[in-house]
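Hi,

Here is the model I promised to pass on.

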Amino acid sequence: MVSAVAADLFDVEPGFGLDMAVLAGLTAVFSVSVSMGLDKGIKRLSDLNAVLAIVLLVFVLLAGPTAFIINHATDSLGVMLQNYITMSLRTGVAEGSSFSADYTVFYWAWWTAWAPFMGLFVARISGGRTMKSTILGCVVGGSLGCWAGFAILGNTALNLRLTEYQPMVELMSVTAASDVDGPLAVVTLLQSLPMSGVVFAVFFVLSFIFVATSLDSAAFTLAATASKDLPNDGQPARWHRLMWAFVLGGMAVALMSLGGIKALQAASVVVGLPVLIVMGLAAFSLMRWLRDHD
């Protein structure tokens, strides 16, 4: 997605070369950030990211089909709350399409594989907070952020399709939903907005920092986990954090060379299943620890 936006923003040809250039820039940014540590690096990037995300979403809400977005966002929220269990387990087996099954299983595996490192990172940056406030901040705050993003950007794209905005109609005319070019759909949405040039620039910086801060968190957590006798308030050695930053960059190159999102989906499913067992044991252990220290 970052490459697709960069191609349109800088008027360059999309392809593997551009992907590698974007990845090189990402590796440079998050390597510098993670080497600076939590407060000077990761925190500053994350704060900038949050501000840009809020500004962009508010702009799209006001500049786009505001009434349509609000109406459909509240309606969709009601449908989800009423059908949460059904939608969470839906595989669409009777529909003759693999789309629902593929994405339900993929996102189960995706979040299962993502959860251990994210839990460790959240615990690491939440010193001094209660477990209640940490859980509420992650679950409630994270859910609200995801809902706002899907509600505003998703419904803006839906409105473009329903009002037969020609570039979106042409993009969505493919037979299989899995064949739709997702990154190009983002580009098409941004092109439909007023001051699209400025919006493209903001979105590029925002998505760039989103990826960089995610990799920052991963590199920091891996270094902290692999460090021996690290104090609770201590930080891993700079060389250690940088080493993991470059390892993650190398893994990204390998996955993109092997097939991009398809390879990532396969890797997530393969890794997610054994991690699910570990997470179950970890949850059981936590409950026992809390009971013994009540």
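The chain has eleven helices and zero strands, counting DSSP runs of H or I with at least four residues as helices and of E with at least two as strands, numbered from the N terminus. This is a predicted model, so to speak of local features we need pLDDT of at least 70, and side-chain atom pairs count only at pLDDT 80 or more, while totals for chains, interfaces and linings use all residues. Residues are numbered from 1 along each chain as its sequence is written, and side-chain values use heavy atoms, with hydrogens and water left out.

On overall shape: a compact globule of 294 residues would have a radius of gyration near 19 Å, and the chain's 21 Å agrees with that (taken over C-alpha atoms; the rule is 2.2 Å times the number of residues to the power 0.38). Along the principal axes, the C-alpha atoms fill a box of roughly 60 × 45 × 35 Å. Of the 294 residues, 30% count as buried, meaning under 20% relative accessible area with a 1.4 Å probe, protein chains only. Among contacts (heavy atoms within 4.5 Å) between residues at least 6 apart in sequence, 70% join residues at least 24 apart.

Now for H6, residues 131-162. Its 32 residues should span 46 Å at 1.5 Å a residue, and the end C-alpha atoms are 45 Å apart, which agrees; the expected span is 1.5 Å times one less than the number of residues. Buried residues in H6 include Thr134, Gly149, Ile152 and Asn159. After H6 comes Glu164, with a positive phi near 60°.

Cheers

Note on methods: Buried < 20%, exposed > 50% of the residue type's maximum accessible area, 1.4 Å probe, protein only.
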